[in-house]
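Have the model open as you read along.

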Amino acid sequence: MIYFLSDAHLGSKVITEPQQHQARLVALLGRLGKDADRIYLLGDMFDFWYEYLWHARETLDDYAQRTGDKGFAPFLCCLRELVQKGVEVHYLIGNHDIWTFGWIAKQTGVMVHRAPIVETLYGQRVYLAHGDGLVPSRWAIDDAQCTMSKADKRRIKRFIRLRAFFHHPVPQFLFRLLPPCLGDAIGYEWARRSRQRELDNPCPYKGENEEELVLFAKEYLCRTEMPPSLFVFGHRHIELDLQLTPTARMAILGDYFRQWTYASLAADGTFLLCNDE
């Protein structure tokens, strides 16, 4: 079996019982690992993660000892155990865990991907991505044919600028120099506000003609010579299973802090969205 999971947002300040939340995720991964060939984590597994220069040389065991029950050692040790058992674990960064600079990969053995990937899984071509920043080209700000409202155009423009800033190596390096207590305070408060806005003003599925990841996938199918038969995304915190064409399907995984959802792909090609409740 192959499993897909995203958007656990470990450590989020809006989660009332963070240790129980992490334990539930670890328990799920332990169960999945019993028959998994591969596990794909499609980003935002942490609500905020930054690898500061101050701790660049510590091992995972050092990290576990330093952070105690306030850190993410149970989750990270679970990933290491899965890899040691022979499970291939892939980690695609999201917009809350951009800032891994090699430590997670080195200490756990997972394969970290910084961009969307296309994999052949049980004979199917599968496009995998967190989903942030993936919009159809016709949504370009200066596209006269774009029917978005001015407010949505401003929102997308702000997000594109912010995303470019967060991915730029210079501000990344400068932030790595901050004392971790200060950097974490900034990062977790930023993330808390984002989660709280989402809780206060949830954005449900916008429909096939408006949902950006659906439109992106449809455009991608038209412009690639070897189209995938399956797209799997995270990011949007909605659960979606949609047949795009007679030969192509897409899924958005939901999340693992409110909806408790993930997905599986069997060797016979059966793809299912699952619920852990």
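Let's start with Thr108, which sits in helix α4, residues 103-108 (helices are DSSP runs of H or I with at least four residues, numbered from the N terminus). This is a predicted model, where local features need pLDDT of at least 70, side-chain atom pairs count only at pLDDT 80 or more, and totals for chains, interfaces and linings use all residues. Residues are numbered from 1 along each chain as its sequence is written, and side-chain values use heavy atoms, leaving out hydrogens and water.

**Around Thr108**
- Thr108 counts as buried because its relative accessibility is 4% (buried means under 20% relative accessible area, with a 1.4 Å probe and protein chains only).
- A polar atom of the Thr108 side chain lies 2.6 Å from the backbone oxygen of Ile104.
- The Thr108 side chain also reaches the backbone nitrogen of Val110, at 3.3 Å.
- Setting aside neighbours within four places in sequence, Thr108 is in contact (heavy atoms within 4.5 Å) with Leu60, Leu76, Leu79, Arg80 and Val83.

**The second largest pocket**
- The volume of the second largest pocket is about 730 Å³; a pocket is an open set of points on a 1 Å grid over the protein atoms alone, where a 1.4 Å probe fits, with protein on both sides within 12 Å along at least five of seven lines, and lining residues have an atom within 4 Å of a point. Grid points are joined across faces, edges and corners, and the volume is the space filled by probe spheres set on them.
- Among its 31 lining residues, Tyr63, Lys70, Phe72, Asp184 and Tyr188 are the closest to the centre.
- Helix α7 gives the largest share of the lining, 4 residues.

Key
Helices (H or I, at least four residues) and strands (E, at least two) are DSSP runs, numbered from the N terminus. Buried means under 20% relative accessible area, exposed over 50%, partly exposed in between (1.4 Å probe, protein chains only). A polar contact is a pair of N or O atoms within 3.5 Å; within protein, one must be able to donate a hydrogen and the other to accept it, and residues adjacent in sequence count only if both atoms are side-chain atoms.
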